[in-house]
Amino acid sequence: MFDLAAKEARVKELETLMGESSFWNNSEQAQLIINECRDLRAWTVSYQELKTKFENCKELLPEAYELNEESFIEELLRDLDSIEKVLGDLEVQRMLSGEMDNKDCYLTINSGAGGTEACDWAQMLSRMYQRWAAKKGWKIEIIDFVDGDVAGLKSITLRFQGSYAYGYSKAEKGVHRLVRISPFDSNAKRHTSFASVDVSPEITTDIQVEIKPEDVRVDTFRSSGAGGQHVNKTDSAVRLTHMPTGIVVSCQTQRSQVQNKEACYQMLRSKLYEMEVLEREKALNTLKGEKKKTLGVAKSAIMFFNLIRLLKTQGRKLKVVTYKP
């Protein structure tokens, strides 16, 4: 199911390359090989460990029942539950077989209609995604942010670095709507707010995306928030606008304009590459006569908050969860 034989053969091939004396002559290529080997080992090592663990449980569990060792039985059952969970994670990763699924990603949140309430909703989504990424063990970096006029965030761009970061995050693309009793309204009326989420993969150095200088408009401005006199008194923040596609990216978290500009170009290349891949997939689906929507198409997630219950709808599924303030 996981094609482990091919993965193990590839790991041996990469380990042979890593053992050569000329391996570090090209540091960028060497890093790509190391990353590929690490990703493949995550499959092969995990599976072998699970196999050994399961065989031990299979042998010890009948003996534990015969001896009526309740504590030992509970421990073995917990091990079986953990095995099932890891297998489920491996199965999800097997389904994330797209060209870009195993890459790091950028996640951008923009507040929509709703004013201060929408900015607060954008900040809530930002905290939610950062905690979700931290729970998965990913590295999180804030690339750019714009504070709201009263509270919350007008926009924020996060960078997630981890195994299959784009594959797991791409389903969050789309418009997210919040309906709740607004804490910013003294009349305690119900308000509806919107925020859009966009996810794009971070391309590696082995992928070349050509960007013509005349197609890009560069704007500089002063960074907001903390950072000392240097970032607040110089135009260190950078915004790039790709004229043919209308894509806009910005960065203000680095200390120098050069670093922010480099980060912006990296994000722009990633978005252009994603656009190219999605167009190619769309063309292939058209040739195959498929009418199903491709993964990553914008969806709408609706969340309702009040003091009694939390309702979360996703597609046609409805789940009711008691909310305890």
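These legends describe close-up views of a predicted model. Local features need pLDDT of at least 70 and side-chain atom pairs pLDDT 80 or more, while totals for chains, interfaces and linings use all residues. Residues are numbered from 1 along each chain as its sequence is written, and side-chain values use heavy atoms, without hydrogens and water.

**View A. Arg159 and Glu141 meet in a salt bridge.** The N to O distance is 3.2 Å. A salt bridge is a side-chain nitrogen of Lys or Arg within 4 Å of a carboxyl oxygen of Asp or Glu. Arg159 lies in strand β3 (residues 153-161) and Glu141 in strand β2 (residues 139-147), so the pair ties together parts 18 residues apart in sequence. Strands are DSSP runs (E, at least two residues), as are helices (H or I, at least four), numbered from the N terminus. Arg159 is buried at 18% relative accessible area; Glu141 is partly exposed at 23%. Buried means under 20%, exposed over 50%, partly exposed in between (1.4 Å probe, protein chains only).

**View B. Asp198 pairs with Lys271 in a salt bridge.** Their closest N and O atoms are 2.8 Å apart. Asp198 sits in strand β5 (residues 190-201) and Lys271 in helix α7 (residues 257-288), 73 residues apart. Asp198 is partly exposed (31%), whereas Lys271 is buried (14%).

**View C. Glu117, Asp120 and Arg180 form a salt-bridge network.** Asp120 belongs to helix α4 (residues 116-135). Asp120 is buried, at 13% relative accessibility.

**View D. Val238 is buried in the model.** Its relative accessibility is 1%. Val238 is part of strand β7 (residues 237-242). Ser250 is twelve residues away from Val238 in sequence and 5.6 Å away in space, C-alpha to C-alpha.
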